[in-house]
Each structure stands twice: as C-alpha cells, then as structure tokens.
Protein chains: 4
Amino acid sequence: MQRVANKRTYLDPIHQDIVLDRSKPAERLVVDLIDTVEFQRLRRIHQLGVSHFTFQGAEGSRFTHSVGVMHVASRLCDILCSRTESAENERALILATALLHDVGHGPFSHVTEKVLGYDHEDWSCKIISGDTEIRQILDNFSEDHGLADKIVKVLKKTYKPAYVSHVVSSQLDCDRFDYLLRDSYMTGTAYGLFALQRILRSIEVDEENDRMIVVGEKGQIAVEDYLFARYSMYAQVYYHRKNLAARALLGKLIKRARHVIEETPGKISFIDEETKHWLTGGDLSVEEYLTLDDVQLSYHIKRWLKDPDPILSDLSARFINRRIFKASRINSQDPDEIKAIEEQARKVVALMGFDPDYYVTVESTGFRPYDYYRPEEEHPQTNIVVRTDSGDVKELSQLSPTIEALVKGDYTAYWLIYPVEASEKLSETIASALTHVGTH
Amino acid sequence: MQRVANKRTYLDPIHQDIVLDRSKPAERLVVDLIDTVEFQRLRRIHQLGVSHFTFQGAEGSRFTHSVGVMHVASRLCDILCSRTESAENERALILATALLHDVGHGPFSHVTEKVLGYDHEDWSCKIISGDTEIRQILDNFSEDHGLADKIVKVLKKTYKPAYVSHVVSSQLDCDRFDYLLRDSYMTGTAYGLFALQRILRSIEVDEENDRMIVVGEKGQIAVEDYLFARYSMYAQVYYHRKNLAARALLGKLIKRARHVIEETPGKISFIDEETKHWLTGGDLSVEEYLTLDDVQLSYHIKRWLKDPDPILSDLSARFINRRIFKASRINSQDPDEIKAIEEQARKVVALMGFDPDYYVTVESTGFRPYDYYRPEEEHPQTNIVVRTDSGDVKELSQLSPTIEALVKGDYTAYWLIYPVEASEKLSETIASALTHVGTH
Amino acid sequence: MQRVANKRTYLDPIHQDIVLDRSKPAERLVVDLIDTVEFQRLRRIHQLGVSHFTFQGAEGSRFTHSVGVMHVASRLCDILCSRTESAENERALILATALLHDVGHGPFSHVTEKVLGYDHEDWSCKIISGDTEIRQILDNFSEDHGLADKIVKVLKKTYKPAYVSHVVSSQLDCDRFDYLLRDSYMTGTAYGLFALQRILRSIEVDEENDRMIVVGEKGQIAVEDYLFARYSMYAQVYYHRKNLAARALLGKLIKRARHVIEETPGKISFIDEETKHWLTGGDLSVEEYLTLDDVQLSYHIKRWLKDPDPILSDLSARFINRRIFKASRINSQDPDEIKAIEEQARKVVALMGFDPDYYVTVESTGFRPYDYYRPEEEHPQTNIVVRTDSGDVKELSQLSPTIEALVKGDYTAYWLIYPVEASEKLSETIASALTHVGTH
Amino acid sequence: MQRVANKRTYLDPIHQDIVLDRSKPAERLVVDLIDTVEFQRLRRIHQLGVSHFTFQGAEGSRFTHSVGVMHVASRLCDILCSRTESAENERALILATALLHDVGHGPFSHVTEKVLGYDHEDWSCKIISGDTEIRQILDNFSEDHGLADKIVKVLKKTYKPAYVSHVVSSQLDCDRFDYLLRDSYMTGTAYGLFALQRILRSIEVDEENDRMIVVGEKGQIAVEDYLFARYSMYAQVYYHRKNLAARALLGKLIKRARHVIEETPGKISFIDEETKHWLTGGDLSVEEYLTLDDVQLSYHIKRWLKDPDPILSDLSARFINRRIFKASRINSQDPDEIKAIEEQARKVVALMGFDPDYYVTVESTGFRPYDYYRPEEEHPQTNIVVRTDSGDVKELSQLSPTIEALVKGDYTAYWLIYPVEASEKLSETIASALTHVGTH
C-alpha cells in the first residue's frame, strides 16, 4: 500500500491512465491544484457548452479536458527536456498553467462570455492571483517562487522564455491537442483524430529564437494532418448549424433575463444574488464568480419556466426541452443584403407575435484552421515553424501548398436564426436567400 | 433537402449514426417520444450517478444511454423479425419500452433511490401512464393501441409474449448491452467490451417456450465473454471503493437534509417545494417528480454550503468539492464482527467530534454477473438458454464450467465508510480488520 | 444448422463481419467467385508490395482487400438502390467487378509491373474473359447475361451507365475507400481514417448526367476529409523514402535476373518455366500467368542467394535480408541538375566496385490526391461533384478553397537511390544536393 | 538528422511507435539482432500458421510478433527496474530472449512441428548457439558476457533468477500479452483485448521467492480479465473448427510428400535439398534449417499441383485453392466410441475412392486458459501469484472463484476431419455422433 500511496491515477478515456507521482514536486503541485475548490468547480461546466443538444455524446466537462491538457503538456515537457536541459526549470509552470488555463470559464463556457461581455482568461488570472486555494498552493510551492504571477504572465503571453506560452496557447498547443482528440471521441466523429505522439516527438525548443519548432518531414505531415483535423472539426462540430442555433437561443434567453431584472426590479420569479450580479454586469468578486456554473444557470432557467414574463418563460422552455431555434445559411456575404434578410425575417416573426429582438438574429462564423503571423492584426498568430530534413527553417505555409490554401481561404458565413414556427413563412418569403429552411 | 427531411440522425460515440426514419411508424414514434419534455429531462441525470468523481470520463447522461438502448433493441428486432414474422408486431412496443425504461430515474439515478425508498421503475410507469406528453403520443399511435398500458406491462414483466420483456430487461438485454459498452467507452476501460453484433446475430425467439434463445457455439462463447465483461465492470467500476464512498456521502447528505427540514421547520437555508416533498417522502405528483434532476439537487447542495446546520454544510462541502469519504474493505463476513467494527469506528469518529450517524456507515456489495432461475427467490432471474450446434437446448451454466463457477461464486463484501480525517485513528485501532486504511 | 447454411461470413478487421447470403443471386455469385482458383491466388500477393519492410504491419494480401472493396461496394449499392431503382439491375455487376478488379495483379503488385512493362488491369480482363473458373461462373450466372464482357467494359470504362465504373474506379471509389482504411489499420497510422459511412450515405446517382454525386454539406466535408486522408497516406506511407528504396531494389533485382537469363542462357542457377517467360517478356498464357505470385518470386530470389552471378546474388541477399538501398531526396526539380547528380552518384558507386546500372537510380514521386477533369490529359480524372444544401451542383474544388489548393499544388519530388555503403562517399561529394544522407 | 540517427522506430499497429535508442546498450543489441539474417527470416513465417484461411486478417508474421514481445518486455522491464534495482542487470538478457524466443519456428509455425516431430524451441537454442549472425552479435555484446548461453538457459528455464524466464515464458508472459492483443487486432475480434498497461503496472519482482507477483485488487481483476480473453481466443480463434481442418490438411499433405519421397526415390516432381532433408527427418544443419520458411514450403506445394502422385497433387490443390477439409465435433469423449467413429468414417471415404490414411483423421483439442502448479505433471505451470491489498499472498485460483472454475473445467473435445465430398455420406451413416455435418 505504501508503495502506491504517492501515486494518483486519473483513468481518462483519451489518454488512458494519467499517473501523477507526488514524490515529484511538479506533479505533487498538480495533484494539490486539482483538489482545490476552484478547480473542482470545472466539473460543473460543460466543455462544449450546449453542443450536447446536437452531438449527444458531448457531455464532458472542463475538468476532464483540463486534466487532459496538463497530461499532454507533461508528455511534451518530457520530450523538450530530453533535448533542452533548461526546459526542466519550466516544468511546474507549464503543468500548472496547462491545468489552470480554463479555470475562469463561466456557465456554458463560451456561450455566455459573448453575451455578457466578459473574458474567461481574465477570470482565470483573477482566480489564480486572488484569495483562493489555488493561490495559496502556488505560493507554498517552494521549487519555483512567484508561480502565480508567472502563470498569469504565461496566460497573457508576456512571460519569457516565450515558448512556455506557446506550449499552452498557440496554434500548436496542448489545449488544441487535447480538445480535438477529446471532442472527436465524445461526439463519435473521426474528424478530429491526428497523430499526437508523432507531433510531440517532433517538437523541439529553438532556443536561439525562443520558440517551438517542428522537426522533419514526418513532423510536418503530422502537423498538416492536425490542421486538417481542426478544419474538419470546426466545419462539422463546432460550427454545426444546430449548435449555432442552440447558442443563439441561450444568448437571447440570458439577454431577456437581464432585461426582466433590470426593467422590472423584484419581478423576476427567481434569482440568487450571484447570478443577479453576473447577469446585470455588477462588479463580481472572485468568490461570487466562483459560485457560477452550469448547474446554477440551468436551475435558474428551470425556475423561469414558470416566470410571469412570457418571453423569458418561453425561451426557458425552448432551452430546457430542447426546442431550439433553427439556423439557415444566408446565401450572401454582402452586409446590406444580410441586413435586408434579417429585416425581412424580423417582420415575419413579428407578424407571428414574436418579439424580433429575442427571436431573430444573424450569426457569423469563420475561422482559419491555421494562420501565419500577421503583425498588423490585433492578436497576430504565432507561426508554426518547421525545420525540414534538409535543414531549412520555414513557416509552415511556405512549405506546404495545402496549408497555404488553408491560410488563404475565406471561411466566413452568415446564418439567420429564427424559431421553428417561422420556417414555413420564411420559406414563402425569403427562401431563395437561405439554405435549409425546413421544419426539421 | 426533402429527401432527408424524414430522417433524424443521432451521432453516438458507441453506435455511430443512429438513423431514425419517420416514414416508418415505429421510428416516427421514437422520434416523437425523444422530443417530449419528460424524455429530455434525462439529459440532466447522470447515467452513472456520482461515478465521475472516480472515473472522470463518466459524465454521460441517461438520455444518451436510453437512445442507445433503443438503438440496440432496434437492431435486435431486425434480427428477430427476419426469423420470426410475428416479432414485427411487437416492434413499436419494444422500441418504445427500450427508450422509456429509465424515464423514471431521479437525481443521481440509483444513489438517491435507496436512501429515500422509492423505485425508479414505478416512476417510469407513472410517467408513461400519467398526464404527460409521452402518454399523449403513445395514445395517438394508431398502429398499436393501448401502447402505454402495454409498456407498463412489459416493464412489470406481465406482458405476453414474455420475450418482449426479456429484450428490455433480463440477463441478456439491450439495457446491459448498451451500458457495458458505453460505460467502458466513457471510463476508458477495456473491461466492458464484448462482441455485441455476434450476440445479436445469435439470438432467436423460441416461440414454443416464449423466450429468447442463443444459437450455436459462436453465440455461446460471445455470451460468456459478455458475462465476463459484466463481472469485470462490476468489480472494477460500479463497485469501485471510491464509488461506494461517494455514494455513501451523498446518501448521508440527503439523510441530513431531510432531518434538518423535518426537525427544524423553516430553518433550512434553501429548499424549493418539489425538493422538499421529495426529500420528506411527501406524495409527489408526476408533474412535481419531473422537476427533479441532478441540476436541481446539485443546486440545493451548493446553496447548503452556507447552511447554518454544520453537518449539512460540511457534507455539502465534501460533496461539491469532492472531498469524499474513504472506504475500507472489512476482512470479515461475520455479521457480529462487522457490527463490532462499525461500533468501534463510530466511537473513533465520535471522539473526533463527528456525528457517527452521518459520518460512519457499512455498505455491502455483491452480485452475480449471471444467475440461473431460482424459483424460490423473490426476483428469480430469467435463464440464458443456448441451443448448441448439436441441437441440445440447455441453460448456459450447464454447458459452460466457467459460467457455472460465476453462478456459484460468493461475491459479497462489506465496506466501512468514514471521513478521511479518521484514517489515522482507525488505522491505530482496527486496521487489522480492514484493507486500505490510508490517507489518500 | 440449416438456418445458417446459406450464409458465408468473412470476419474482417476493417469492416467486421462481412455476411454473404447465398439466397441472394448477387451474393451467391460473389461467394462462388471467391472460391475460384484464380481469386484464391490473391492470398499470395501482398497488398502493399514490399511496404512491410518499412511498416511492419503491412503484411496483408490483395485477397483481403478485394473482399473489402466488394463489401464497401455492396453497402454503397444498398444506398444507391434505396434512391434509384434502376441501380438494383447493376448490383451483381458492381459486386463482381469490385471483387475482381485486382485479380490480374502479379508478384508484389505494382512493383514488378513497371519494370516488366505490363498492366495488371489487362491481366484482370484476360483472366475474366479467359478459360478460367471465374469465366465459367460468370457465364453460368443467369440473372445477368454476358457478365464477363460487362465487367471488362466496366474496368475499361466503356460501360453504360458510366456511374457503375465510378463506383469501382474513380477519385471517389470503393477501392480507395477500402485501401485507405485498411492500410491505416495495418500500418498503425491514423492518417488514412475518414468517415466512410457518412460519405456512403451522401452519395446519389445523378441519372441525368450519368454520374455519382455527393449530396449536402456533411457529405462535402466528409469527402474533403477523405482527400486529406489520401494526401497524408501518400506522403507518409506509400511514398515513404524507405518504400521507394525497397521498390527500387526489387526492380533492379528483376532487371538483373532478366539480364542473366538473356545474356547467359542456361546459366542462371534456378528458374522455372513460367517465371522465365514472365521475366523475359515472353507471350504468357493466362494459365502461366496465374502461377505467378509473391511466393514464387520470393522462392526464386531465395535460390538466387547462391547464384554464380555476383550482382544477382548480392541484390537477392539485400532483398531477402532486408538490407535495402537508401533514398535521399534531391533538392532540385531541374532535369539537368538531377541528371548531373545521378551521374555523380554513378561515378561514386562505380569507384566502389558497384555496377551503377544496378546500384543507382533516380525515382520521381508526385501525385495529386484529387484532380478535376482535364480533357487534354491522357487519363483525365472524373470530377467529384457536389450538390450543396442550396441546390448548387459544382465540381468540388470550386466549392472548397482547400481542395482547390490540393489541385494546384505541385507534389513532384526526385529521389536518388543508392547502396548504404555509398552513403559516406556521397555525403562527401554531393551532400548539398541531397536530403538525408545518412548511414541509418 | 544527427539528432535522430541513434533512434530506430518500428511503427506497430498494436503498440504504436516502438522506438529503440542505439545509445542504450540493450536497445542497440536489439537493433542489431533484428537486422540479422536469421531474424529477418521470421518475416516469411506466418504468425498463425494457416489461420488466414479462416480469419482473413490473420496474415501477419512471426517477425512482427517477436518485435512486439520484445517491446512489451521492455515496458515490463522499466516497471520492474523502478522497484527492483537488480532487474536492470537482466535487461539485455530479457529483451534479447523476448525477441528471439520464436526464432526457431519452421514453416507455418506449429503446424509442421507436430507432423515432423521437432521442437521449435530446440531450434531457437541451436540458432542462438550456432554459427550465426545472432551468435556473433551476442558474443560481441560487452555489457553482459556469455549472453547466448544465458538466453538458452532462460528458454530452457534453468536460468537464475527464475523470474527472468517467467517474463518471457509463463502463464503471465510478454509472449501471450502480445499475441492475444495482436491476434485480436488482426482477426478483428474483440475477444483477446485486455488491460495490458494495468497488468504491467501491477507486476513486481518478489525477490525472496524469485518470482513475479501481481499486486493489488486492480491487478488481480486485470489478470482475470486477461485469462478470460485467453479462454475466448482459444475457443473462438485458435481452436476454430475450420482452423483444425486446415491444419490437418497441411499435416496430411506433408505426410504424403514424405511418403512419396521415401517410397519412390527420385520420383517426386520437385524438391530442393533442404526441404527433402527436413521432410525425411534427415540431420539438418542450422544453415539448412534456416532456408526453411512458408515461402519455400508453399512453392513446393504449388509445384506439387502437377505431381504425378494423385494423392499429393490432390492434397496440394486443396491447400493452395483453399478447398480444405471439414471438421465435425464428435459427441463423445469415450476412446472406444471415438475409435469406432473414425473407423466408420475411414470406410465411408475409402468407398468413395479416398485413401483413408490421408483423408480421415481425429484431432483432439483441449487446454486450460490457466492452471496452477501441479508438480506431478511433466511440464507443471508456474503459478500466478497475487498479493492482495490486505497483504495476503496467494495463488490466483485460491482468491477467485471464477478462476478456480477455469482451472477445474474440462475442455477436451474430439473432432473428425474428412473431405467435404464425404459430408453427405457421413451424415447418412454417423451423423448422430457428430455436430455440424454440412456441405458448407
């Protein structure tokens, strides 16, 4: 018994046994961080927001994903350290950051972030720096002082050496490695699979330029395959039409709840203090923020099924009973045309008695599965850099014509979101402008 | 678009695409039942109760499992119908029952059932027969009248032909087929894997004796392998020590909440009406019962973190923050010895200031992965019957020495459950009677 | 027993149970064709030539692959027939062609074809039309007269409707579907995986234009993913440097054996009649050709280990004992430069005592994972055509920027092949022109 | 390039990348041994003899399996060494023995061994000790002198410490670990899957008693599951009726070839020297033995298709064209009854013009998936020993009632083997004594 007392094992469906050895300082730190109140909260936040409405297997939590990212980062550390001695100094920092990078997520992850205008990474930083169990454990970690500050720097990408940030957050990071494999596994698609071990083994630290580098043709092909996997997962899962519709529904619901609270003080049928502050943009303390999770929001929505406000109760019922909105792709990229279509749709639903502010919206999707560094952009991407077998060191899209195409492609699309009841009417009026106007 | 409008597809990680064709009456019925308020509620109930505390991947819901059982039943129907024409008449009944068999589950599935003394199958029957969307859809199904009554009969095993019940609930049923594969997949163990397709293809209806029968040596070996899978999943997952401890913690928490409500009326910090009725054993209506789910109970527990009752708030904190009890196997099967050990443990924890009624318990585990029909028992099992290649028809354990052993084995074990703080003290006093007294 | 007597089951690692029902004419035909002497011969021909020298798992045969292609074609038929009644008329033809498309392959599949200047599809046609068991079974098939002629037409792409040929041989055919999945599985790479079921379900017959068509966005993305899979498999497996080197070695060995036979009549240490005819370009009868397989060629090479011709025995020893040549990528696409590099290499190895005609060669690789129809080319490709959700019908690369890039990319590369003993010398003289000059 | 020059990678479908680092002496040794002529010969010997006639995917070689066993042994070494320092001294010995344990296999592995009365392990020892490349490499290994002798001792189970032998050959050895997983994968069955990593992690060296020991409940359950896997694989794959029939056919063919050579000197149509010595029991040198493989025997059988001896040519045609014998289970365990059935069958086939010595046989099957140590037996099995969580150390069957049953079960069965042409006649005369007398 004593023999194994120092080991903690997480049996994970993606990575199999994740064994943490408490006799190693960095791994002991990880175990202690997992056991904090703040990290355990991630068990109550869905990894994929409301995607389980569309992909029934997508029921996993941020907790599981975060442990997975930490594990991948640990494997990558092993490889980096075998080639670059100094990497060992960063191990605790890398593992802790990988574990905690999502600790600031709120209810249904990204869905509410946008509507309420906050940023989960800011909250990650506040939780790490604040008066929390996490902070206390980080402060007590004797091997690497000031760990909390360092983690915040890594998350904000101001830490040096910079490759530490890249391990956790870049176009080739352990976060994406884990979520592509995990979301593929959970949703039951093959699209997100790629050769993780081969990529990990091909990564080196390029100390001179302070960056990670992919080495060799095998590594390059494996990375290309990973970018294709990412492309397919966005196209098939993350930006699935029904997913957009479910997210839009939740967004409208939250908007309406805020409206009811603000416009009719004391009239909402149920609201707890923390949720009220959060919804109305009050100045939330870290302690308050940490009470928020999917359970809390879902419970409120269930209670609002009987709210006297008819829009709030209707939107709540649609959400709880999965009678989500419809999404149709708009056959245009022209802003004026799109605006006109939205206007027409608003009229159609208004005539049916729906408030168009809560029952119609236009969403845009668009992403590049990979992009090279564009210094003029607000958040320029870190290049994926390859050293070929002949010794050339180049940015990936310069080496691969298919990746060049991924970079150049325009993937923007616009979607009209509306209640299923309006399908027929919309198909009579503006069907030609839309794809997929159906009743199913 | 019109072409596929009649198809509904659920992408499932276990069974891949589950395609339902609305142009077929039984499958249209299934689609309509899935869309009911009552069935959607299963999305908010964990399939494996609190097992995700031990196996992090075990985060799936009853919803996904139920759709899976229906799918397996549908495949089995295809096979039975290809050999027994009359089976086609039962298709809608079989699919609907497979889908709905778990619709009566409450918060955290089996965990609360035991503490509060209700039976989820009774609730399944009430929901199917009650004033519900499900009942309405069943009543409107023109192909097979009185479907609601028939489903209840199937669940209560009074329906004839009896093999219909066996498809959904027996020692070789679609429920077990789905959950073994699914729980293996979600937890990341290989233990529950078996050759489902081979078993399905080997099953026939033995009309003369009104039962299902496994045909041929290949079928027999596949069924044996399935029973081994079941044995290993119980040993490794369902009866995992930490699982027992987590369940016991939740049980004690619920017991304490009921105590606080009953003993100090109006004093509990937060309780909604339905939860109060449920906890205190009131006569719940179907409508009230249907508001219950993991979300609702979890929200209450979160609120009780600040309850003035110190025991309730402490147990809530242990549950929410995953500081669950410890479980040690008792090295005895003798009731008196076990009682004595429990008494000693109660004294130890009492001295530490814990109320032993809420901080110590003994749980027993024990099951046979397969049992033959024992008419003297309260719930005798339906035999698994095999027709060998030479034409013999026998109960499985008569054909297979290993299965005979599974039947004869005694798998009962007793476990002492206690708070982690008591580990050291217990190891000083009664360690010899226990296995695994550790602080981890 | 009688019940299952009509079923034949092949347990396949890729497609699981492939069940053939003799009570259905097309499937009985397939069973009878599999049982012919000519088809069983495919068990003795490796699917991937000499790739098992590089990917140790690649030990499967053309037999297994051919059964797999037939199975995929059968599933595709089911789907096409559910939408296009007339497709049922072509089922036997499609299944038989899918099964037999590779029946003309010779020893080590493609490797010897090139050196000896024959075409395996010609031999497929000769075997199907000739005095063979296959021909006899086809002639006896009463449901579809003149089947042998039709199969030949399908293989030669002159059959109408033309979509029948596309099922078996096009850029979206059952041959590729099977080999990508199978080769991925056998080599242990994830690169070739794609969503076969989703693609199959998205295919329709476009009767008006006599072609297959991919329907819907889901279908389009799945097809794109399949093309990425194909791209990666070529880059990582089929054109792996060591594979090129092993193939070149076998080619030189065969060239030398032919030389020894032709230049020194009666002096080769061992040769049977059929192998002699084959190697020396004699006019082989179908009966003679059918004696050829990997076993026969491998046995000859083993015997040549002791051949008095030193080059033949040396090349044989390198092949049998896997001391294969090296391949280095030439850092140039300029024909004159490449020629110059080859000349230098010839000088280097000549100085070491090797005959450069047998110890040095340049191989080119290059393929497009997908190409659109280019009418000016000798073998123009059949377009992959998509009908989008909005009803547009377009060639794939016009819809997808990434596929457009795949089409436009230039993937040609040149490789210098030489004996490992020359690595050091080559690295002294022309290393700058090469990648990967190593001793390992 | 230099960076990776010291690594050799085998991409294996079961274990993924098997990376060997030449900078570690034991791994460099392994690389050098793999590259020998004698080890490369294993590429030409099927791992599962003639099982690919029944399970089409079973086309892998002894080469691939042997590399796999070495890899598993290497992982086990890592674990043993982390707990028992002295284990490091045995690493090179363990890896080399794991790699070479099957190097003495002859054509079609076990099939010919029995007919011709030799033992592949004797040949493994001769090859390791003889004048071979393997011997030379072992002698040159400076870290561990006398390695060839030690390997022979390990194979003969006279080496001390004895646990070294157990790693390679026992009831819980790396050979079985690899072949169960590999054969499951290749045949496409789920039966042989088990939790390899969990077993490996639970194994310790019990130095006091010089044995391996399984630690903990988790380890015990994983080992039980592995034994169930082994049981199912024997029942479903290795002892599959058609496998028995194919093996018997090859056995009779070899017996007839020997007869023709011995009775009619110079009359057999084709035979090379080494094959002649082997078939007629001559005193083969190691050099001669090493020319034997599946290629050589298959080529002979192909040539014998036209042998003037009608029995030899007929048996050859059945083998090459997969028109194998039939096997029916005899419904009796009584030696006299079995003898009588065989006699009747001999009469039936004799009347049809077949020589019963070559067209009828009785085969017995029977094995225990696990057995405890029975000192009175010729080859007593090494116990699987478990240390439970409570510290008890016991032989496995004493801890587990199901394993106790596996030990006690009687799995012997007898099979009548005969040509398919005799099925009808046999079903008229002795069908009642048989199972499965069919024409398919």
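Guide: In chain A, 35 residues are in contact with 35 residues of chain B, where contact means that the C-beta atoms of two residues, placed from the backbone, lie within 7 Å. This is a predicted model, in which local features need pLDDT of at least 70 and side-chain atom pairs count only at pLDDT 80 or more, while totals for chains, interfaces and linings use all residues. Residues are numbered from 1 along each chain as its sequence is written, and chains are lettered from A and ligands numbered from 1 in the order in which they are written.

On the side of chain A that touches chain B, at least two residues each come from strand S1 (7-12), helix H3 (37-40), helix H4 (62-83), helix H11 (174-187) and helix H17 (294-304) of chain A; helices (H or I, at least four residues) and strands (E, at least two) are DSSP runs numbered from the N terminus. The most is given by H17(A), with 5 residues. Sorted by class, this side of chain A has 13 nonpolar, 17 polar and 5 charged residues, where Ala, Val, Leu, Ile, Met, Phe, Trp, Tyr, Cys and Pro count as nonpolar, Asp, Glu, Lys and Arg as charged, and the others, Gly among them, as polar.

Of the interface residues of chain A, 100% are also interface residues in chain B, so the copies meet through the same surface. Chain A is superposed on chain B by a rotation of 180° with 0.0 Å of shift along its axis, at an RMSD of 0.0 Å, which is the relation of a two-fold axis. The superposition is by least squares on the C-alpha atoms of residues with pLDDT of at least 70 in both copies. Val295(A) is the residue of chain A that comes closest to the rotation axis, with its C-alpha at 2.6 Å.

Chain B is also touched by chain D, and here 25 residues of chain D are in contact with 25 residues of chain B. On the side of chain D that touches chain B, two or more residues each come from helix H13 (216-238) and helix H22 (401-408) of chain D, and H13(D) gives the most, with 7 residues. The classes on this side of chain D are 12 nonpolar, 9 polar and 4 charged residues.

Within chain B, helix H13 (residues 216-238) lies across strands S4 and S7 of chain B and runs at about 105° to S4(B); axes are lines fitted to C-alpha atoms, for helices over the stretch in contact, and angles run from 0 to 180 degrees between N-to-C directions. S4 and S7 belong to an open sheet of 4 strands in chain B, with the order S3-S4-S7-S8 and mixed pairing, where two strands pair if DSSP finds at least two bridges between them. Strand S3 (203-206) and strand S8 (393-395) of chain B stand at the edges of the sheet and have a single partner strand each, so one side of each is left without a neighbour in the sheet. On average, and with direction ignored, neighbouring strands of this sheet are turned by 40° against each other. Strand S4 (residues 211-215) and strand S7 (residues 385-387) of chain B run parallel and are joined by 2 bridges, and the bridge partner of Val215(B) in S7(B) is Arg387(B).

Returning to chain A, its domain assignment gives domain 1 (2-225) and domain 2 (240-324), with bounds that come from an automatic or database domain assignment. The C-alpha centres of these two domains of chain A lie 30 Å apart, and their contact takes 23 residues from domain 1 and 21 residues from domain 2. On the side of domain 1 of chain A that touches domain 2, helix H6 (110-116) and helix H7 (120-129) of chain A each supply at least two residues, and the largest share, 4 residues, comes from H6(A). By class, that side of domain 1 of chain A has 10 nonpolar, 8 polar and 5 charged residues.
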